[in-house]
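These are my notebook entries on a structure that I looked up piece by piece.

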Amino acid sequence: DALYLRERDGIRHSSPDPPQKRGGCGYAISELQEESDTQFFNNGDLAENDKVTGYIYVLSSLSDDPAVRTEKNLYKIGFTTQSVELRIANAEHEPTYLMAPVKIVATYKVVNMNSQMFEDLIHQLLMPVQFQVTVYDGQGVAHYPQEWFVVPLSVVDVIIQKIMDGTIVGYTYNPQLEGLEK
C-alpha cells in the first residue's frame, strides 16, 4: 500500500489516497520498489514534475561470521539514488556490507524529499542500537560500518511512516521495549 505525504501551509498531512491536485505540494510514497516502479511509470497519480530522489533500503546480511549470523534483527538501512540491486551488486567486496552478500528486505521509493536527510533521521533515532563491528577489507584495512542496526523490521517500518507523515517529532527508540516512545 502507498502512503502519500503532502505539505500544505507548513503542515504535513498523510493519506492512503493519492493526491488529486498537486499545486506544488511535496509528498513522498512508501512501498516496495517492485510495486512502486510499476506504479511510478504506469500510474497517473504522480505529476510530470515529481522527482524520485532516491530509495531507502533495508538489507540483511548473508555473512558466515558467527557474530553477524547469530544477531537477531540485524539490518543495514541506507539510501541510494540508483537501483538498490545496482548499489549492492559488489556487496561481498565492500566493508559497508560487512564484506558479505546481502539480501534486500525492503525498499522505499522517496519522491520529492531529500533522501540523505531521510536516512540521517532514521540513523539518529536508531543510534542506541547501532551494531558495533570491525570489518577488514581485502587488504587487511579495518573499517567500522555505521549503517547496521539491531532493531525489529516492524519498527523500521513505523519510523519510516512517521517520518513521512510528519509525526516522528519527539519520538525516541527504546531498545528495551523494542519500540518508539515519546
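**Entry 1: helix 5**

I began where helix 5 ends, and I found that Gly166 follows this helix with a positive phi, near 80°. I note here that the model is a predicted one. I then went back along the helix, which covers residues 153–165, and noted that its 13 residues reach 19 Å from the first C-alpha to the last, close to the 18 Å expected at 1.5 Å a residue. Which residues of helix 5 are buried? I listed Val155, Val156, Ile159, Ile160, Lys162, Ile163, Met164 and Asp165. As a reminder to myself, an α-helix has 3.6 residues a turn, so residues three or four places apart point the same way.

Next I looked up the order of the strands, and I found an open sheet of four strands in the order 5-3-4-8, with antiparallel pairing. Strand 5 and strand 8 are the edge strands, each of them pairing on one side only. On average, neighbouring strands of this sheet are turned by 25° against each other, when direction is ignored.

I then followed strand 3 (residues 52–61), which pairs with strand 5 in the antiparallel sense over nine bridges. In this pairing Val52 has Val111 as its bridge partner, while Ser61 has Val102. Strand 3 is also joined to strand 4 by five bridges, and these two strands run antiparallel as well. Here I found Tyr57 opposite Gly78, and Leu59 with Lys76 as its bridge partner.

Eight of the 10 residues of strand 3 are buried, and in strand 5 (residues 102–111) seven of 10 are buried.

**Entry 2: the nonpolar cores**

Which residues have the most contacts inside the largest nonpolar core? This core has 23 residues, and those with the most contacts inside it are Ile56, Ile77, Phe118, Ile122, Leu126, Val151 and Ile160. The elements that give two or more residues to the core are strand 3, strand 4, strand 5, helix 4 (115–125) and helix 5. Helix 5, where I started, gives the most, with six residues. I also found a second, separate core of 15 residues, which includes Tyr57, Ile88, Val102 and Val135.

I noticed that Tyr57, a residue of this second core, is the one I had already met opposite Gly78 of strand 4, and that Val102, also in the second core, is the bridge partner of Ser61.

**Entry 3: salt bridges**

How many salt bridges are there? I counted two. In one of them Lys76 is joined to Glu147, with the closest N and O atoms 2.2 Å apart. Lys76 lies in strand 4 (residues 74–80) and Glu147 in the loop between strand 7 (142–143) and strand 8 (148–150), so the pair ties together parts that are 71 residues apart in sequence.

Arg87 counts as partly exposed, with a relative accessibility of 25%.

How values were computed: Residues are numbered from 1 along each chain as its sequence is written. This is a predicted model: local features need pLDDT of at least 70, side-chain atom pairs count only at pLDDT 80 or more; totals for chains, interfaces and linings use all residues. Side-chain values use heavy atoms; hydrogens and water are left out. Buried means under 20% relative accessible area, exposed over 50%, partly exposed in between (1.4 Å probe, protein chains only). Two strands pair if DSSP finds at least two bridges between them. A salt bridge is a side-chain nitrogen of Lys or Arg within 4 Å of a carboxyl oxygen of Asp or Glu. The expected span of a helix is 1.5 Å times one less than its number of residues. A nonpolar core is a set of buried Ala, Val, Leu, Ile, Met, Phe, Trp, Tyr and Cys residues joined through side-chain atoms within 4.5 Å. Axes are lines fitted to C-alpha atoms, for helices over the stretch in contact, and angles run from 0 to 180 degrees between N-to-C directions.
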